[in-house]
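Hi there,

Here is the structure I promised to pass on to you. Please have a look, and then read my notes below.

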Amino acid sequence: MSNDFRPSKWSEYIGQEKVIKNLKICIESSIKQNKVLDPIIFSGPSGMGKTSLAYLLSKILKTKIHIVNGPSLQRPSDLISVLTSIKENQILFIDEVHSVSKDIMEVLYPVLEENKLSIIIGKEYNSKIVNIKLPNFTIITATTEINKLPFPFLNRFPIQFELEGYNHDDLTKIIINTFNKLQYKIEIEQAKIIAKFSRLVPRVAINLVKRIYDFLITEKIKDLSEKNLIWVFKQMGLYEYGLNEKDLDYLFTLLENNTLSLDSLAQIINVPNQTILNNMEPIFLKERLIIKTGRGRQLTNKGKIYLEKNKNQHI
Ligand SMILES: Nc1ncnc2c1ncn2[C@@H]1O[C@H](COP(=O)(O)OP(=O)(O)OP(=O)(O)O)[C@@H](O)[C@H]1O
Ligand SMILES: [Mg+2]
C-alpha cells in the first residue's frame with residue numbers, strides 16, 4: 001500500500017526545491033552527453049523522501065530500479081549477484097548504505113570508480129583477481145547516517161544531496177495529494193490541521209492520513225471537521241505537533257531535571273540516542289520546545305507552557 005503514495009512525477013514530489021533543481025540539471029546534462037548519471041547519494045532523516053526520490057528517478061528515466069538494502073548486504077556474493085543482473089542504463093539503489101559490511105564496500109569501490117567488478121577467484125596460492133566490465137548503469141544510495149560512511153567512500157559520489165526540512169505548507173500539500181489519491185476531497189483548512197500533527201515529516205503525514213481514512217471508512221467520523229480530527233488524534237494518543245507519550249516523557253524529564261545530556265536523557269526515558277536525535281528532537285527544536293546548550297538540553301518557556309497545557313492528558 002505505501003508504494004501507492006510515492007510520487008511518480010516531479011509535480012508530486014513536494015518541497016526540496018534546491019535538490020530537485022540540481023537533479024534536473026544533472027539529468028539534462030547526462031542526456032546531452034549521452035551518459036548515465038554519476039553515482040548519487042541522498043542523506044537525511046527517516047521519512048523525508050530519500051527512497052521516494054530514487055523511485056521517482058527511475059520513473060523519470062523510464063528505467064528499471066534494482067533495490068537492495070544495506071543491512072541485507074553482508075557477503076560480497078550478495079552484491080555480485082545483483083550487479084551481474086543489471087543491464088545498460090538501469091539503476092541500482094542501495095538503501096541504508098551506512099550498514100553494508102566492509103567487504104561489500106571493497107566490492108563497491110571499483111564499481112563506483114571504474115564501473116568494474118573485481119572479484120577474487122580461487123583460494124590463497126591459487127587465487128587470482130578477475131575484472132569484469134559492467135554495463136553503464138547508475139548507482140543511487142541513501143543513508144540516514146552519513147557520518148558513519150568513510151570519507152573515501154563518500155568522495156566517490158559526485159552527486160550528493162542532503163534533504164532539507166519541510167514546512168507546514170509542504171506537509172499540507174502532501175496531505176491533500178494523499179487524500180486525492182484515496183479519492184477523498186479534503187479542504188485546505190482541514191489539511192492544515194493534520195499538517196500541524198505531522199512533525200514536519202512526510203511519512204508521518206501519510207501515515208496519519210491512512211489512519212484518519214480508517215476512521216472515515218468505518219464511519220467513526222462523518223467528515224473532517226476540526227472537532228472530529230482532534231477527537232481522532234486523541235484516540236491515537238497524539239498531542240499538539242503530533243507528539244506522543246514517549247515525547248512527553250522526554251519533555252517532563254527535562255522539566256524535572258532542568259538540564260540533561262543526550263546520554264542521560266536516553267537512559268532515563270529508555271530510548272536509543274539515535275532515535276532521540278533523528279525522530280524526537282527535530283520537532284522539539286523546530287517548535288522551540290527545547291534548546292541545546294553547551295551543558296545539555298533545556299526546556300524553553302514555550303516548552304513549559306506546552307507541558308502545562310497538556311499535562312492532564314499525559315499519564
Ligand atoms: N517530498 C515529498 N513529496 C511527497 N511525498 C513524499 C515526499 N517525501 C516523502 N514522501 C512520502 O513519504 C513517505 C516516506 O518517504 P521515503 O520512504 O522516501 O522516506 P526515506 O527518506 O526513504 O525514509 P527512511 O530513511 O526511513 O527510509 C513515502 O510514502 C513518500 O511517498
Ligand atoms: Mg528509505
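On a 1 Å grid over the protein atoms alone, a pocket is an open set of points with protein on both sides within 12 Å along at least five of seven lines. In this predicted model, the largest pocket is the space taken by ligand 1.

Around ligand 1 there are 20 residues (each with a heavy atom within 4 Å of it), and I14, S46, G47, K50 and S52 are the closest. Two helices, α2 (50-60) and α8 (202-217), each give at least two residues to this shell; helices are DSSP runs of H or I with at least four residues, strands runs of E with at least two, numbered from the N terminus.

Now for some polar contacts, which are pairs of N or O atoms within 3.5 Å. An oxygen atom of ligand 1 lies 3.0 Å from a backbone N or O atom of G49, and a nitrogen atom of ligand 1 lies 3.0 Å from a side-chain N or O atom of Y166. The protein covers 92% of the 640 Å² of accessible area that ligand 1 has on its own (Shrake-Rupley method, 1.4 Å probe).

How confident is the predictor? Mean pLDDT (confidence in each residue, from 0 to 100) is 93 for the protein, with 98% of residues at 70 or more.

Residues are numbered from 1 along each chain, while chains are lettered from A and ligands numbered from 1 in written order. Local features need pLDDT of at least 70, side-chain atom pairs need 80 or more, totals for chains, interfaces and linings use all residues, and side-chain values use heavy atoms, without hydrogens and water.

Enjoy exploring!

Key:
pLDDT is the predictor's confidence in each residue, from 0 to 100. A polar contact is a pair of N or O atoms within 3.5 Å; within protein, one must be able to donate a hydrogen and the other to accept it, and residues adjacent in sequence count only if both atoms are side-chain atoms. On a 1 Å grid over the protein atoms alone, a cavity is a set of points where a 1.4 Å probe fits but cannot get out, and a pocket is an open set with protein on both sides within 12 Å along at least five of seven lines; lining residues have an atom within 4 Å of a point. A molecule sits in a cavity or pocket if more than half of its atoms lie within 2 Å of its grid points.
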